[in-house]
Amino acid sequence: MSFAKTNLQDWEKLVAKQLKTEDIYKVLEKENIEGLEIKPFYTLENIVPVKLPRLEENMHLVAPYNDYLLEDAYAFLIKEEPLQLQDKAFFYEDSALNVIAAKDKNNNYFCLRDIFQGIEQGETFNPEAGKELLNTEAKRKLGIDISIFQNAGASIVQQLAVALLKIKELTELYGEEVFEQVIFRVAVGSQYFLEISKVRALKILINQLSKKYNKEAVPYIFAETSLRNKSLNDPENNLIRSTLELASAMIGGADAVYANDYKLSETDSVSEEISFKQQIVLAYESIINVFEDATSGSFFVEDATKEIA
């Protein structure tokens with residue numbers, strides 16, 4: 001069975017008839033908080049499909065480190081030395097835990113420490129801290145945290161601009177090899193398709209910047225749920241929002257995803273487990289974590305990715 005081909009003009013005539021107006025774009029085009037141009041109609045002519053890789057073959061579904069989650073999870077966000085385990089991935093902010101990474105050869109360690117943190121509060125920047133981190137045994141040694149900017153209300157473009165500024169500064173300080181040593185920490189908000197596009201745009205921008213240093217870098221992305229759209233008094237709504245945010249991160253092609261506790265106060269083991277198991281449901285029921293770049297070829301996402309980047 002074949003369908004009749006339609007073009008933009010045919011669509012415009014049909015919509016004009018249904019809306020009873022000659023200026024359909026005045027009705028259909030809406031402003032958005034990111035200031036992006038979102039069209040009401042896309043065609044193949046609007047896009048050039050891009051397949052964007054990720055570094056981890058199997059996306060890490062990161063859990064808070066607790067005994068009751070050891071059997072369900074293979075990756076953890078830790079704040080102290082973990083138990084003697086095998087074939088796990090540990091993400092951490094405290095650079096003191098690099099001592100554990102040096103002696104533990106059975107697991108992979110990823111340091112999320114951002115050496116630029118504290119500058120906004122007037123602390124003195126110490127480039128020696130970066131050198132120390134780069135000499136550790138962690139698989140990824142330095143963090144570039146742009147999640148704090150998303151949580152503070154920054155736009156998508158502002159968040160990515162900060163990421164570029166930080167990686168460029170690190171490259172100037174420590175050399176082009178730093179592209180293979182950093183991990184980008186991003187917070188994913190509730191603008192579903194635009195957040196997918198943000199993750200994809202970050203990959204494009206870092207790859208383009210790395211080419212200036214004769215590299216073909218693919219950024220390692222640790223994505224977590226946003227805090228800026230959550231409510232103390234409405235944890236159930238927080239849970240719905242964080243589920244959509246996790247889906248955006250997975251579909252966008254993050255290497256690791258983490259769900260902050262949907263209860264902002266009075267958290268407990270149950271709320272921690274539910275928060276983590278959102279990822280399990282998304283991964284094993286819908287299998288969206290399997291695909292390297294699930295939205296490659298999507299007219300809207302490809303166009304939004306291009307506009308953001």
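## A strand covered on both sides

Let's start with strand E6, where both faces are covered: Val182, Phe184, Val186 and Val188 lie buried on one side, and Ile183, Arg185 and Ala187 lie buried on the other. Please keep in mind that this is a predicted model. E6 runs over residues 182-188, and seven of its seven residues are buried.

## Neighbours of E6

Which strands does E6 pair with? One is strand E5 (residues 142-145), in the parallel sense and over four bridges. To find this pairing in your viewer, look for Ile144, whose bridge partner in E6 is Phe184.

Another is strand E7 (residues 221-225), also in the parallel sense, with five bridges to E6. Here Val188 stands opposite Thr225 of E7. Between E6 and E7 the chain passes through helix H7, and this β-α-β crossover is right-handed.

## How H7 meets H8

Two packed helices are described by the angle between their axes and the distance between the axes. For helix H7 (residues 192-211) and helix H8 (residues 235-252), the axes come within 8 Å and cross at roughly 35°. The crossing of H7 and H8 is right-handed.

Which residues make the contact? H7 brings Tyr192, Glu195, Ile196, Val199, Arg200 and Lys203, while H8 brings Leu244, Ala247, Ser248, Ile251 and Gly252.

Key
Residues numbered from 1 in each chain as written. Predicted model: local features only at pLDDT ≥ 70, side-chain atom pairs only at ≥ 80, totals over all residues. Heavy atoms only, no water. Axes fitted to C-alpha atoms, helices over the stretch in contact; angles between N-to-C directions. Helix = DSSP H or I, 4+ residues; strand = E, 2+ residues; numbered from the N terminus. Left-handed = near helix turned anticlockwise from the far one by under 90°. Contact = heavy atoms within 4.5 Å. Buried < 20%, exposed > 50% of the residue type's maximum accessible area, 1.4 Å probe, protein only. Pairing = 2+ DSSP bridges. Right-handed = clockwise from strand over helix to strand, strands pointing away.
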